Amino acid sequence: MRIAMIGTGYVGLVSGACFADFGHDVTCVDKDAGKIAALHRGEIPIFEPGLEALVASNAKAGRLNFTTDLAGPVAAADAVFIAVGTPSRRGDGHADLSYVYAAAREIAGALKKFTVVITKSTVPVGTGDEVERLIREANPAADVAVASNPEFLREGAAIRDFKFPDRIVIGTADERARQVLAEIYRPLSLNQGPLMLTGRRTAEAIKYAANAFLATKITFINEMADLCEKVGANVQEVARGIGLDNRIGRKFLHAGPGFGGSCFPKDTRALVKIALDHDVQLRIVEAVLAVNDNRKRAMARKVSSAVGGNLRGKTVAVLGLTFKPDTDDMREAPSIPLVTGLLDMGAKVRAHDPVGIEMARRELPDIEYCDDPYICARGADALVVVTEWAQYRAIDLERLKSELAHPVVVDLRNVYRPEDMAAHGFVYESVGRPPNSLD
């Protein structure tokens, strides 16, 4: 199949490379000439494990191409995926659909034969209807079907998620469109990829509902962690005890500093706005947003408490800046309100992250950055673990203690065992665990 992928951001580039790896002929289109030139040179604009090699191998094989020209690839395509950004709209929290609608209008003018236009971007319910209306308004003669095919990729594990999906949701009532999309995903049938056929609006709703539910699980276990700290229980054992119930499941039950990233915050906000537009109040989702926002800022107070309640003039070392490991994504990362809170309390902050420093400089320009975690810790009055990168799990605790001016560690990801930290002489604070925890 010939595929045009509009947008070379996270979703577009990963999806395009994976479709090419299935054997399809894929052209990724982007208006950013600098990004396209970089991709031609083999330079990947995002950090995602395995993506550079996947792009290189498929580009070399001639199955994956990059261009700023939309008309040619769309005219030749059997399927056109819209994978542009849908950020929160400034001022009201709604999803900004201007990029989606602009792409739809431009696609309309380039259509030459029967083509399936698919929204892969996360969009509010009813967006597909408007995309179809715009295309037909701009090109009444177009032989086109519009479908929804939301993505469910985790940053840091996106390629595996694409090739071994829990489900593939295809939203359209058009039988020709279903056949085209079934053929595109046919290589996954060997892996028994579960194809779910729904209406277009249902597919759009599934994406938002999934993200909101996962955000709710994270927020629930974070609130349980606060309770566990007060009553002397262990939130990790609580999470395991409830997660072994297959009605609940073990994933997304890891207590920490709150959720961030490119999806959960903006999508939960947008879902609340969509509901209010239809006179529905999603009280649980509203509470999830409020609790998560408060939690991120509260982590700075947790650090202050660990050093005696006064951070003025003290140095705090921060390990991990990206919102999760194996990505350089800083969008709504918990590190941002944490560091801002520490600065507001008068602390000096230095930080380390394996891949996210360049992205972090844009969000946090007023702190010192270090290329080595031990140098980051040197002379600090406290150290905070914010992102659970694998290299922090294997850190030399004896050396770490020798670098710190005071052996205070605040572990917001429960990376270390309290008894190990006690044995090395650390003053240790974690999330939702008593100091003598066996975890």
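K302 touches E229, V410, L412, E429, S430 and V431, leaving aside residues up to four places away in sequence; a contact here means heavy atoms within 4.5 Å. The model is a predicted one, so local features need pLDDT of at least 70 and side-chain atom pairs count only at pLDDT 80 or more, while totals for chains, interfaces and linings use all residues. Residues are numbered from 1 along each chain as its sequence is written, and side-chain values use heavy atoms, with hydrogens and water left out.

K302 sits in helix α12 (residues 283–306). Helices (H or I, at least four residues) and strands (E, at least two) are DSSP runs, numbered from the N terminus. With 15% relative accessibility, K302 counts as buried; the label means under 20% relative accessible area, against over 50% for exposed and anything in between for partly exposed (1.4 Å probe, protein chains only). Two of the neighbours also turn up as polar partners. The K302 side chain makes a polar contact with the side chain of E229 at 3.1 Å, and a polar atom of the K302 side chain lies 3.1 Å from the backbone oxygen of S430. A polar contact is a pair of N or O atoms within 3.5 Å; within protein, one must be able to donate a hydrogen and the other to accept it, and residues adjacent in sequence count only if both atoms are side-chain atoms.

Next up is helix α10 (residues 235–243), whose buried residues are V235, A239 and G243. They cover an arc of only 70 degrees around the axis, so they end up on the same side of α10; the arc is that of the directions from the helix axis to the C-beta atoms. These buried residues pack against α9 (200–231), whereas R240 and G241 are exposed on the other side of α10. At the start of α10, a side-chain oxygen of N234 comes to within 2.9 Å of the backbone nitrogen of Q236.

The loop between β9 (315–319) and α13 (335–344) holds D326, and E332 is found in the loop between β9 and α13 as well. Phi of D326 is positive, near 65 degrees, in a residue other than glycine. E332, not a glycine either, has a positive phi of about 55 degrees. D326 counts as partly exposed at 34% relative accessibility, and E332 counts as partly exposed at 30%.

As for cysteines, the count comes to zero disulfides, taking a disulfide as a pair of cysteine sulfur atoms within 2.5 Å. C18 is in no disulfide, and the nearest cysteine sulfur, that of C28, is 11 Å away. That 11 Å between the sulfur of C28 and the one in C18 is too far for a bond. C18 counts as buried at 0% relative accessibility, and C28 is buried with a relative accessible area of 0%.

Zooming out, the protein chain has 18 helices and 14 strands. Its radius of gyration is 24 Å, close to the 22 Å that the globule rule gives for 439 residues, so the chain is as compact as a globular protein of that length; the radius is taken over C-alpha atoms, and the rule is 2.2 Å times the number of residues to the power 0.38. Along its principal axes the C-alpha trace spans about 75 × 50 × 45 Å. Buried residues make up 54% of the 439 residues.
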